[in-house]
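Q: Got a model open here and want to talk it through. Can we start with the sheets?
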Amino acid sequence: MSGPNEEHGGLAPDEYARVLEILGRRPNEVELGIFAAMWSEHCSYKSSKKWLRTLPTDAPCVLQGPGENAGAVDIGGGLAAIFKMESHNHPSFIEPYQGAATGVGGILRDVFTMGARPVAILNALRFGAPDHEATRRLAAGVVAGIGGYGNCVGVPTVGGECSFHPACNGNILVNAMAVGIAPADRIFRSAAAGVGNAVVYVGSRTGRDGIHGATMASATFDDEAEQQRPTVQVGDPFTGKLLIEACLELMGTDAIVAIQDMGAAGLTSSAFEMASKGGLGVELDLDRVPQREEGMSAYEIMLSESQERMLMVLRPGGEETAAAVFGKWGLEFAVIGRLTDTGRMALSQHGRRVADLPIRPLADGSPEYDRPWTRTPPATPATISPDNRDPMAALRSILGGPAGASRRWIWEQYDHTVMGDTVGGPGGDAAVVRIHGTGRGLALTSDCTPRYCLADPVEGGRQAVAEAWRNLTAVGARPLAVTDNLNFGDPERPEVMGQFVGCIQGMGEACRALDVPVVSGNVSLYNETNGRAVLPTPVVGAVGLLEDLAARTGMALPGPGLALVLVGETRGHLGRSLWLEAVEGREEGPPPPVDLAAERRNGDFVRAEIRAGRVAACHDLSDGGLLVAAAEMALAGGVGAALRSPLVDAVAGLFGEDQARYLLAVEDPEGMLERAAAAGVPALRIGETGGGALTVGGRSSISLDELRGLHEAWMPAWIAGG
Amino acid sequence: MKAVVIVFPGSNCDRDAKVALEAAAGRPVAMVWHGDSELPPTDLVVLPGGFSYGDYLRPGAMASRSPVMQDVVRAAKRGVRVLGICNGFQVLTECGLLPGALLRNAGLRFVCRPVTLRVETVRSPFTNGYRRGAVLQMPVAHHDGNYFAEPATLERLAGEDRIAFRYMDNPNGSLGDIAGILNERRNVLGMMPHPERAADAVLGGTDGRALFDALAA
């Protein structure tokens, strides 16, 4: 492992100097460990916070923005949607099953910590090249790990994305998003209050696993990554499930003042953050911490990242209530300390004081860097020669290859129907989950196109937000807010930092233009091995609201005899397209430009049409453009389609990835075209549904059976070693 | 109909079963904690899906020994109806109310997808709302649904008309494509597919509803 300085517990020399200044003495080993964890990139966001501040975080619907365990938005009916996305990249590369499983466990804890019952999980996965030796094992392990945790806790995994690129050969990206629903007036937060109140530990016992997880996740890999295995946490979804039920049961009483999950940097960061937010001190007796192993040192106890643990501050008299609830669920419960008015974190073990740190200076003194960065130079336009080949050959390569093949092999390993509210599961534009007991729903999606971000970070950042917004719109939902998961390489390299800065700029512009604030998020840097970074991957998880589940649509063509209408302007942009990559084997050119005003106008039009009940099917155009979208709609519905328009005579019309576009199946195309014209929205009738084949311009055709066969075949065959 | 749903630590389809039962019966359904040693008076006991006790040891093994299960077995012997869905089916084979065992799926992976079932018998309080030979769609979601029994047991199940449902597209390697079976007295049904997830049109199917309606009738 390289990156943070190995001396001084991983702190840089100037950071260590600040420690000496704050303490007025040399820290002992425990104290140094606490500083190193709290000031790690993972916990302190020291390279990113300057830029994160530029993102819009407020809107009328926002109940809780960034800074808590997760963000919260008002979804009406007295309820809040609480959500966040988080990475588990480094651990998943080292130990894919446990790394991915604990990623899911961690993000679920972030959500139920705030009082929400988790209702959906999504995941965004980026693996190396399919033919790289490690990819198959990593993909199989990660998928099994996500399923292993989510299936057991009984929260449906309803959506996500998965892509492959050689830049991820040495660093896979495993991002998980959890969404929960809570009473809007019963959201729990982490700020401690009430001097003398009990600090309570609940959940699993503390073991020696995951020590240094936060610092490991703040460094790049070298060839010795395998040796990091002991830093990976081990998950226990059964205990996770009990913890959800026990916490939600206790939250139904008035026993809890504040609650925080023990995630990265374990007991250290949870105790520290609760006291810091409350402006108080905290005294902990480490002998009272439930321990799985004998003879654990104070250092190990404070920095363990054992899973399924929570820290709470209880009201006086709440201890008995809490002990009864946790006893019922068979979980550890221990009062391990009290809140104080000293402003210090004081730890004792075996009757000795083992650490004594001032909280405010440690929090305020947390480093912040304005890292040097260079703007990504503009990409040279790709030269595309006219291509008169059969477009169906290109479609076969895209839909039958790693970039466009069905991800069914993945999502059939996830229970996506448990909880009985999954109205639209994996495979559509956005998943739709009913708000339990109502006729309303949440639309959920996660999106990012890393190849765009590499070529032009600003445009790629805009596109990630725009595509997420479009996916929500395509089911008829009103987009509310987003969470982000920013995955980049080594921020100490100016070109990587430039990618980060560019993506944030683009995301901020898009969030403002489309009125979707960022309410939570996670930054994962140092996704880099031997100097090779992952593609810049700012994943956007988005949540939208469907006021009436009856007024929604999906992408499946419901039957023959419908007109196909293309909404949005087609210019035929093939730079960085899937066509260029999958057919020509080239990663060239700038990405398609994002016109945010057009996104807004076209999307608002499509949503209004869906809500008025005038749209039988709708799909957003993204990877692979028009023909791939038409094929996906035909496959989903088992109904063919014929495209007829001068537009489809050229590869650029069929496979261009121009943004702000949707393909709709409608009964009354004339009416729609009139309304579109009145709204200033480009719209074009380009074909009709019916038959058992996909046909282009009457000259080229492929049967749905053949298309389905090749679309479904690639992934199982690849995993089986074919 | 009075119905209860048993909640084991790790059950996760308990609420789904309650929702489907209440919709059919039009009255509240009680949840019974696994640690209770006595069932309240009831006509129907549902053992829901999930990962009771985290599937430790074997799926259903530990739940089958929990305090409330002793009373469930006694109730079944008195003729009270018992429906085990998914993990509940595993509990029923583990506690001996149904024969055979549910092994790891033949594909070795968890599988969640809609399956097509054929109703093999309508001679039970669970299936008498269907037509014999009717074809149903409902989801499966399990890692251990591969039904196994000795040849003599399989023969007996078929001979006594105790196979309730067979898969038409076997997702897990079950012998005889068996998806659900009845006990001798026909008051206990275990099945891997989830009828409670196919009882609401907005979720994409209602083929499971007739099962709950028949129980409520």
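Predicted model: local features only at pLDDT ≥ 70, side-chain atom pairs only at ≥ 80, totals over all residues.

Q: In which sense do S17 and S18 of chain A pair, parallel or antiparallel?
A: Parallel. S17(A), residues 478–487, and S18(A) share six bridges.

Q: OK, next sheet. What is the order in the sheet of seven strands?
A: S23-S25-S22-S26-S24-S27-S28, in chain A. That sheet is open too, with mixed pairing.

Q: Why is one side of S23 and of S28 in chain A left without a neighbour in the sheet?
A: S23 (617–620) and S28 (700–703) of chain A stand at the edges with a single partner strand each, so one side of each has no neighbour in the sheet.

Q: How are neighbouring strands turned there, on average?
A: By 20 degrees against each other, direction ignored.

Q: How many bridges join S24 and S26 of chain A?
A: Three. S24(A), residues 641–643, and S26(A), residues 683–689, run antiparallel. Ala641(A) stands opposite Thr689(A) in S26(A).

Q: Where does helix H24 of chain A lie?
A: H24(A), residues 704–719, lies across S27 (693–696) and S28 of chain A. The angle to S28(A) is about 65 degrees.

Q: Switching to chain B. How many residues has helix H1 there?
A: H1(B) has 12 residues, 14–25. From first C-alpha to last it reaches 16 Å, close to the 16 Å expected at 1.5 Å a residue.

Q: Which residues of H1(B) are buried?
A: Asp14(B), Arg15(B), Asp16(B), Ala17(B), Lys18(B), Ala20(B), Leu21(B) and Ala24(B). Charged residues are on that list, including Asp14(B) and Lys18(B).

Q: What do the buried residues of H1(B) pack against?
A: Strands S1 (3–7), S2 (30–33), S3 (44–47) and S4 (81–85), plus helix H5 (209–216), of chain B.

Q: And what follows H1(B)?
A: Gly26(B). Its phi is positive, near 70 degrees.

Q: Back to H5(B). Which residues are buried there?
A: Ala210(B), Leu211(B), Phe212(B) and Leu215(B). The cover over them includes H1, S3 and S4 of chain B.

Q: Now the contact between the chains. How many residues from each?
A: Chain A gives 23 residues and chain B gives 21 residues. On the chain A side, H7 (135–153), H9 (237–251) and S14 (422–424) each supply at least two. H7(A) has the largest share, four residues.

Q: Last thing, confidence. What does the model score?
A: ipTM is 0.96 and pTM is 0.95. Chain B averages a pLDDT of 96, and 100% of its residues score at least 70.

How values were computed: Residues numbered from 1 in each chain as written. Chains lettered and ligands numbered in written order. Contact = placed C-beta atoms within 7 Å. Expected span 1.5 Å × (residues − 1). Buried ≥ 20, exposed ≤ 12 C-beta atoms within 10 Å, placed from the backbone. Pairing = 2+ DSSP bridges. Axes fitted to C-alpha atoms, helices over the stretch in contact; angles between N-to-C directions. pLDDT = per-residue confidence, 0-100.
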